[in-house]
Amino acid sequence: METRIRLTVDGRQRETSVDTRTTLLDLLRERLDVTSPKKGCDHGQCGSCTVLLDGRRHLTCLALAVAYDGSEVVTAAGLTGSEGDDETLHPVQQAFLDHDGYQCGYCTPGQVCSAVGVLRELGEGHPSHVTEDLTGPVAADDDELRERMSGNLCRCGAYPGILAAVREVAGQPAGGIA
Amino acid sequence: MRELDYHRADDAAGAVALVSGDPEASFLGGGTNLVDHLKLGVARPRVLVDISRLPLDQVEEVELPGDSGGGPGLRVGANVRNSDLAAHPAVRSGWPVVSRALLAGASGQLRHQATTGGNLMQRTRCVYFQDVTTACNKREPGSGCSAIGGYARYNAVLGASEHCVTVHPSDLAVALAAVDAVVVVLGPDGERRVPFEELHRLPGDAPERDTTLAHGELITAVELPASAAAATSTYHKARDRASYAFALVSVAAALELDEAGRVADVRIAWGGIAHKPWRARVAEQALLGAEPTEERVAAACADELADARTSEGNAFKVPMVTAATQHVLQSLQGGRR
């Protein structure tokens, strides 16, 4: 069964017909040529397909595209230039560069989108598994950042750099391997 | 993957009519489990009825109806996302075990996607259930159980049968069992309320059925009665890595002590132990009226686990769930939620 859907992807209106079995990830990569989200496990276990969907971090491999008609998708590539020009890196992207938050880079677009989502969730006061006091304020300490980023695996093991990058943008003292 | 017809439901009754009238139709919520099963060949529906945009997305403080026990409580719409429910101020203060259980499950991305109703309807992560090249009575009734005599680390220790030894994967469900939640279900003949303990079932000779719901019945809400114990509740999950893993065992507990430090009210539910969230009523009874010392809690757990059946691969669960229960009740006495 084919259905027409409309999406906003990285600021561009896109309209396409899609087989109901197609995942949002495959639609982005194979039909719309948006290759920033990566296919790692394709089963919701690695986080490399993470995008910001209607403002929140979201997997695209466990999402049927047809169910997201009308949604706004921002990929890691779409974060670049969000300051108003085409070249300025998003602060999270710049921090990943500054802190060597990657080696092969395959998981990086998902890590970046997830980090942007984490910072928004911290800003909204969302608690996490390691938050001591559920009814108090949340702090962006290393334990919190590690727990909140646990849905994004990095097989190169660039975690110290990833943590340093997210820590810097979260407003904590810079450190780690940089 | 099989060809799929897709319908976006306009209202809950219409969705129920579509699915209940077609044995090959399935509800689609957040899709975190079902879309995976479509890819794996574990689920092969012909029709998906997408309920994710139905306006069942509110968390409301309400007076509960009589058949949910009455009194003040919380009504949680079935489409409330796991992340939103965990972060809701009323849940964090009145039912902290629910927040803790949700935050112990999955990842930040998945919690934004997964719904309250869908979490309760998710299926086991038994490696054989998810591998269509192996025998599994839950996936293919009558084909046998590969987990008996196979990889046993996650297997049940209570309430299993010769047909199925798997456990229920949800963290939220364990918390809801401990706070006496009520599930609001819409079927072709109207609405009914199901006490949480009656939602999931033990495998018996029909492990293909995870719940007592009929095909086409839809969870529309979950109701949480308020209590002093629920406000002093927490969740502990033991797992093979510190985050983003299913439970080996887990404990949801709610505790109210009297002025002398004796148990006035206690509710304990275990995850990773059985085919359904295991409400430990024998242990609760043993603790009522007594000071919940480590020794008493251990003895109460031993009573609850008297019928435990283990193999070499999962025998660790008996001491692990006992220690986790001791830890949780100690934490609650210390005021940690």
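## Pockets, cavities and the chain A–chain B interface

The second largest pocket has 27 lining residues, and those nearest its centre are A:Leu53, A:Tyr68, B:Ser52, B:Arg81 and B:His112. Two elements each give two or more residues to this lining: strand 4 (56-58) of chain A and helix 6 (108-113) of chain B. Helices (H or I, at least four residues) and strands (E, at least two) are DSSP runs numbered from the N terminus. The second largest pocket holds about 470 Å³ of space. Its lining comprises 11 nonpolar, 9 polar and 7 charged residues. In this scheme Ala, Val, Leu, Ile, Met, Phe, Trp, Tyr, Cys and Pro count as nonpolar, Asp, Glu, Lys and Arg as charged, and the others, Gly among them, as polar.

The model is predicted, so local features need pLDDT of at least 70 and side-chain atom pairs count only at pLDDT 80 or more, while totals for chains, interfaces and linings use all residues. Residues are numbered from 1 along each chain as its sequence is written, chains are lettered from A and ligands numbered from 1 in the order in which they are written, and side-chain values use heavy atoms, with hydrogens and water left out.

### Cavities

On a 1 Å grid over the protein atoms alone, a cavity is a set of points where a 1.4 Å probe fits but cannot get out, whereas a pocket is an open set with protein on both sides within 12 Å along at least five of seven lines; lining residues have an atom within 4 Å of a point. Grid points are joined across faces, edges and corners, and a volume is the space filled by probe spheres set on the points. The rule gives 4 cavities of 30 Å³ or more. The table sets out two of them.

| Cavity | Volume | Lining residues | Classes in the lining |
|---|---|---|---|
| Largest cavity | about 120 Å³ | 13 residues | 4 nonpolar, 5 polar, 4 charged |
| Second largest cavity | about 80 Å³ | 16 residues | 9 nonpolar, 6 polar, 1 charged |

In the largest cavity, the lining residues closest to the centre are A:Glu121, A:His126, A:Pro127, B:Leu103 and B:Arg111. Helix 3 (82-87) and helix 6 of chain B each give two or more residues to that lining. For the second largest cavity, the residues nearest the centre are B:Cys126, B:Cys136, B:Lys138, B:Cys145 and B:Cys164.

### The interface

Chain A brings 40 residues to the contact and chain B brings 43, where contact means heavy atoms within 4.5 Å. About 3,500 Å² is buried between the two chains, with 50% of this area coming from carbon and sulfur atoms. Buried area is the accessible area (1.4 Å probe) that two parts lose on being put together, summed over both. A:Arg21, A:Leu62 and A:Leu134 supply 21% of the area that chain A buries against chain B, more than any other three residues.

The interface has 26 residue pairs in polar contact, with both residues at pLDDT 80 or more. A polar contact is a pair of N or O atoms within 3.5 Å; within protein, one must be able to donate a hydrogen and the other to accept it, and residues adjacent in sequence count only if both atoms are side-chain atoms. On the side of chain A that touches chain B, strand 4 and helix 4 (108-123) of chain A each supply at least two residues. Strand 4 of chain A gives the most, with 3 residues.

### Salt bridges

A salt bridge is a side-chain nitrogen of Lys or Arg within 4 Å of a carboxyl oxygen of Asp or Glu. The interface of chain A and chain B has 2 salt bridges. The side chains of B:Lys39 and A:Asp42 form a salt bridge at 2.9 Å, N to O. Over all chains the count is 30. Within chain A, the side chains of A:Arg4 and A:Glu15 meet in a salt bridge at 3.2 Å, N to O. Because A:Arg4 lies in strand 1 (residues 2-9) and A:Glu15 in strand 2 (residues 12-19) of chain A, this pair ties together parts that are 11 residues apart in sequence.
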